[in-house]
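Here's a quick briefing to read with the viewer open.

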Amino acid sequence: MREKGRYDTMQVCLNGHLITGSYETKKENRKDYCTLCGEKNITNCPNCNKKINGHYYLYNNFFGRWDKSNKKTIVPEACEYCGYFFPWKNKKGIKNEKEKKIIENKSNRKISFLAVIVAIFTILGVFVAIIVGWENIAQFFKNIFNFNQTL
Ligand SMILES: [Zn+2]
Ligand SMILES: [Zn+2]
């Protein structure tokens, strides 16, 4: 027996953020504006007005209901009916630049964290040297050196 399936409608913001893949099934997930960037949300192709496919649903004969399938829902770059590039296609680059900057900031933070640790240890080292005295430290290393020589 062949499985009966159908697509729900996708709602996506003009920057390409997926709002919901179950616009028809889950009305509570509908939003007028994107909660990530504040852009307007659309469910249909701005060019041919056909709906953008969302989650794929399979008919469950046993329960007599539609269940969401495991099929991955990906925000398309272009309309499958007319080939029109969606508004977010050109904005992808900007989005990636922003992401790159976030990653750079993160690694910069890691480096500054390391710098702080090194600084703390240097200061601690100087304090120890002041308290114990440089000569004692020099003596301590000399002892180690002498000890090694006697071996
Ligand atoms: Zn958005
Ligand atoms: Zn279209």
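Helices here are DSSP runs of H or I with at least four residues, strands are runs of E with at least two, and both are numbered from the N terminus. On that count, the protein has 2 helices and 6 strands. Keep in mind that this is a predicted model.

**Overall layout**
- If you take the contacts with a separation of 6 or more, 50% of them link residues 24 or more positions apart.

**The three-stranded sheet**
- One open sheet has 3 strands in the order β3-β2-β4, and its pairing is antiparallel.
- The edges are taken by β3 (18-20) and β4 (41-42); each has a single partner strand, so one side of each has no neighbour in the sheet.
- Strand β2 covers residues 11-13 and is joined to β4 by 2 bridges, running antiparallel.
- Across that pairing, Cys-13 sits opposite Asn-41 in β4.

**The hairpin**
- Strands β5 (residues 53-60) and β6 (residues 65-68) pair antiparallel over 4 bridges.
- Asn-60 has Arg-65 in β6 as its bridge partner.
- The hairpin made by β5 and β6 leaves 4 residues between the strands, and Gly-64 in the turn shows a positive phi of about 65°.

**The nonpolar core**
- Nonpolar side chains tend to be buried together in soluble globular proteins.
- In this model, the largest nonpolar core has 6 residues: Met-10, Val-12, Cys-13, Ile-19, Tyr-23 and Ile-52.
- Met-10 reaches well beyond its sequence neighbours: setting aside those within four places, its contacts are Leu-18, Gly-21, Tyr-23, Thr-43, Ile-52, Asn-53 and Gly-54.

**A closer look at Tyr-23**
- Where does Tyr-23 sit relative to β3 and β4? You'll find Tyr-23 in the loop between them.
- Why does Tyr-23 count as buried? Tyr-23 has 22 other C-beta atoms within 10 Å, and the cut-off for buried is 20 or more.
- Tyr-23 and Gln-11 are 12 residues apart in sequence, with a C-alpha to C-alpha distance of 6.3 Å.
- Leaving out residues up to four places away in sequence, Tyr-23 touches Asp-8, Thr-9, Met-10, Gln-11, Arg-30, Thr-43 and Gly-54.
- Thr-43 and Gly-54 also turn up among the contacts of Met-10.

Technical notes: Residues are numbered from 1 along each chain as its sequence is written. Chains are lettered from A and ligands numbered from 1 in the order in which they are written. This is a predicted model: local features need pLDDT of at least 70, side-chain atom pairs count only at pLDDT 80 or more; totals for chains, interfaces and linings use all residues. A nonpolar core is a set of buried Ala, Val, Leu, Ile, Met, Phe, Trp, Tyr and Cys residues joined through C-beta atoms within 7 Å. A residue is buried if 20 or more other C-beta atoms lie within 10 Å of its own, exposed if 12 or fewer, and partly exposed in between; C-beta atoms are placed from the backbone. Two residues are in contact if their C-beta atoms, placed from the backbone, lie within 7 Å. Two strands pair if DSSP finds at least two bridges between them.
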